[in-house]
Amino acid sequence: MNFRPRAKEEPEINLIPFIDVLLVILIFLMLTTTYSKFTELQLTLPVADADQQRDHPKEVIVSVASDGRYAVNKTGVDGKGVEAIAQALRGAATAGQGSVVIISADAMAPHQAVVSVMEAARRVGLTQITFATQSSAAGRAPSR
């Protein structure tokens, strides 16, 4: 039995594989950034004014007041029932099935009043419904 202590080998960190990997990554990054300049397309996009493009005859604006009263295209609706709203929507939808119903409801309007407008639009066959909102900045007009 050999009880003599052996000389301990010092651990050694081999940096050559680490440097090889870093060089490969560096070459890859240099090549991809160089070729990305050649694949870019210079585009000049057309400019349009959104207000001029809007098709106002296709819009039917339904306003719902906080007390549950309705107005279709700024004309008051007699009655609060779904049939009264549906009748007003039939008369206001000049573009037929392609009309867009914009519901502009007061923040304090009952939920049922908005659902009644949606039900009336469904009965008339108007499937495109959107909601008008107002930005949180005071003094701004409602946006759609």
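**Salt bridges, a buried helix face and parallel strands**

Colleague: Glu119 and Arg123 are separated by about one helical turn in helix 4. How many residues apart are they?

Modeller: Happy to start there, with the reminder that this is a predicted model. An α-helix has 3.6 residues a turn, so residues three or four places apart point the same way. The side chains of Glu119 and Arg123 do meet, in a salt bridge of 3.1 Å from N to O. Along helix 4, their spacing of about one turn corresponds to a separation of four residues.

Colleague: Which residue joins Glu119, Arg122 and Arg123 in a network of salt bridges?

Modeller: Glu119 has a salt bridge to Arg122 and another to Arg123. The network holds one further member, and that is Glu83.

Colleague: How many salt bridges does the structure hold, and what is the N to O distance in the one between Arg69 and Asp67?

Modeller: The structure holds four salt bridges. For this pair, Arg69 is exposed at 51% relative accessible area, while Asp67 is partly exposed at 40%. Their side chains meet at an N to O distance of 2.8 Å.

Colleague: Turning to helix 3, residues 82-92, which elements do its buried residues pack against?

Modeller: The buried residues of helix 3 are Ile85, Ala86, Leu89 and Ala92. They cover an arc of only 125° around the axis, which puts them on the same side of helix 3. The elements packed against them are strand 1 (59-64), strand 2 (70-72) and helix 4 (111-124).

Colleague: How many bridges join strand 1 to strand 4, and which residue of strand 4 is the bridge partner of Ser63?

Modeller: Strand 1 and strand 4 run parallel, and six bridges join them. In one of the pairings, the strand 4 partner of Ser63 is Ser104.

Colleague: And what is the bridge partner of Ile102 in strand 5?

Modeller: Strand 4 (residues 100-105) and strand 5 (residues 128-131) run parallel, with four bridges between them. Val101 is paired with Ile129 of strand 5. For Ile102, the partner is Thr130.

Colleague: Which helix sits with strand 4 and strand 5 in a β-α-β unit, and what is the unit's handedness?

Modeller: The two strands run parallel. The helix of the unit is helix 4, and the handedness of the unit is right-handed.

Colleague: Finally, which element has the highest mean pLDDT?

Modeller: Across the protein the mean pLDDT is 79, and 75% of its residues reach 70 or more. Among the elements, the lowest mean, 54, belongs to helix 2 (residues 50-53). The highest mean, 91, belongs to helix 4.

Conventions. Residues are numbered from 1 along each chain as its sequence is written. This is a predicted model: local features need pLDDT of at least 70, side-chain atom pairs count only at pLDDT 80 or more; totals for chains, interfaces and linings use all residues. Side-chain values use heavy atoms; hydrogens and water are left out. Buried means under 20% relative accessible area, exposed over 50%, partly exposed in between (1.4 Å probe, protein chains only). The arc is that of the directions from the helix axis to the C-beta atoms. Contact means heavy atoms within 4.5 Å. Two strands pair if DSSP finds at least two bridges between them. A crossover is right-handed if, with the strands pointing away from the viewer, the path from the first strand over the helix to the second runs clockwise. pLDDT is the predictor's confidence in each residue, from 0 to 100.
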